[in-house]
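These are my notebook entries on a structure that I went through with a list of things to look up. I wrote down each item as I came to it.

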Amino acid sequence: MTQKIKINYTYKTISKPWGGANTFLKYLYEELSSKELFDLRFYQQNYEIKNEIIFMNQLSKGPGNNSIVLTKNEINFIKSNSGKLVVRAVNLNCNSYNLFIRPFSEGKKNDKLSIYLLNLADHVIFQSKYQMELFRKNGYIGNNYNVIHNGSPFHCKLTSERIENNIKLLQDNTTIHISSSSFSTRANKRHDLIAKISKLKSIKITHFGSWPEKLDPASVELRGIVSHEVLYK
């Protein structure tokens, strides 16, 4: 019988909407759990993990564990006691927030610890080449990594026929329906751009999730925060 690959994850998800990482990892855990090859469990410090994989979503323990952030001592303990340490890189505070709005010392401290974690990891997963380059600029020096996008697993090949059909679609003034979704209202989520696009002719945008209170949604239809079941119908 094939020996199962044991994976201990530190990010605990919840069933209700809680941002991109929660949704991505919720479905990732479900997919891996459905395969006989893998044995998944939420990491506990008293587990024997010498020959097992530890999978981290950067520093966060997830909303299912009060969004606690891992400490340097915990990271060192896990690294020294696990078989392999795999880390999914999310982002840095210096890129996500204005550090003069968020407590400056906290943001800088977490960024420094995130870079330390990635350089300690056996393998790193970046969400995009842009993110990989961002971490490089801020001190990541590892070479054992992959870029795995959070988007759809389906790949569309842009053939000349597909491009011609899209051009015809626009020329025929057919309404293009776009769905957007964001749990956060941070400025870099570009709700302002979504609102601007909604003013274009033949464009209809429906937004699921949060919307900044002081931003005019223009022609965007706001649906608010909904369950995963409603969103994926």
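Entry 1: Because they are 4 residues apart in helix α1 (residues 19–33), glutamate 30 and lysine 26 are separated by about one helical turn. Helices here are DSSP runs of H or I with at least four residues, strands are runs of E with at least two, and both are numbered from the N terminus. Glutamate 30 is partly exposed at 42% relative accessibility, whereas lysine 26 is buried at 14%. I wrote the cut-offs beside this: buried is under 20% relative accessible area, exposed is over 50%, and partly exposed lies in between, with a 1.4 Å probe and protein chains only.

**Entry 2: where the values come from.** This is a predicted model, in which local features need pLDDT of at least 70 and side-chain atom pairs count only at pLDDT 80 or more, while totals for chains, interfaces and linings use all residues. Residues are numbered from 1 along each chain as its sequence is written, and side-chain values use heavy atoms, with hydrogens and water left out.

Entry 3: How many salt bridges does the rule give? The count comes to 7. One of them joins arginine 41 to glutamate 52, the closest N and O atoms being 3.0 Å apart. Arginine 41 lies in strand β2 (residues 38–42) and glutamate 52 in the loop between β2 and β3, so the pair ties together parts that are 11 residues apart in sequence. Arginine 41 is partly exposed, with a relative accessible area of 28%, but glutamate 52 is buried, at 9%.

I then turned to lysine 79 and aspartate 122, whose side chains meet in a salt bridge of 3.1 Å, N to O. This pair links distant parts of the chain, since lysine 79 is in helix α2 and aspartate 122 is in the loop between α4 (104–120) and β5 (123–126), 43 residues apart. Lysine 79 is partly exposed at 25%, and aspartate 122 is partly exposed at 24%.

**Entry 4: lysine 61.** Is lysine 61 buried or exposed? Lysine 61 counts as buried because its relative accessibility is 15%. I found this residue in the loop between β3 (53–56) and α2 (72–81). The C-alpha atoms of lysine 61 and tyrosine 11 are separated by 4.2 Å, although the two are 50 residues apart along the chain. Leaving aside neighbours within four places in sequence, lysine 61 is in contact (heavy atoms within 4.5 Å) with several residues, including Tyr11, Phe42 and Glu74.

**Entry 5: the sheet.** I traced 6 strands that form an open sheet with parallel pairing, in the order β2-β1-β3-β4-β5-β6; two strands pair if DSSP finds at least two bridges between them. The edge strands are β2 and β6 (145–147), each of which pairs on one side only. β5 and β6 pair in the parallel sense over 3 bridges, and the bridge partner of valine 124 in β6 is tyrosine 145.

**Entry 6: the whole chain.** The protein chain has 8 helices and 9 strands, and buried residues make up 35% of its 233 residues. Among contacts between residues at least 6 apart in sequence, 61% join residues at least 24 apart.

**Entry 7: leucine 200.** My last stop was leucine 200, in the loop between α7 (191–198) and β8 (203–209). Leucine 200 counts as exposed because its relative accessibility is 51%.

Key: A salt bridge is a side-chain nitrogen of Lys or Arg within 4 Å of a carboxyl oxygen of Asp or Glu.
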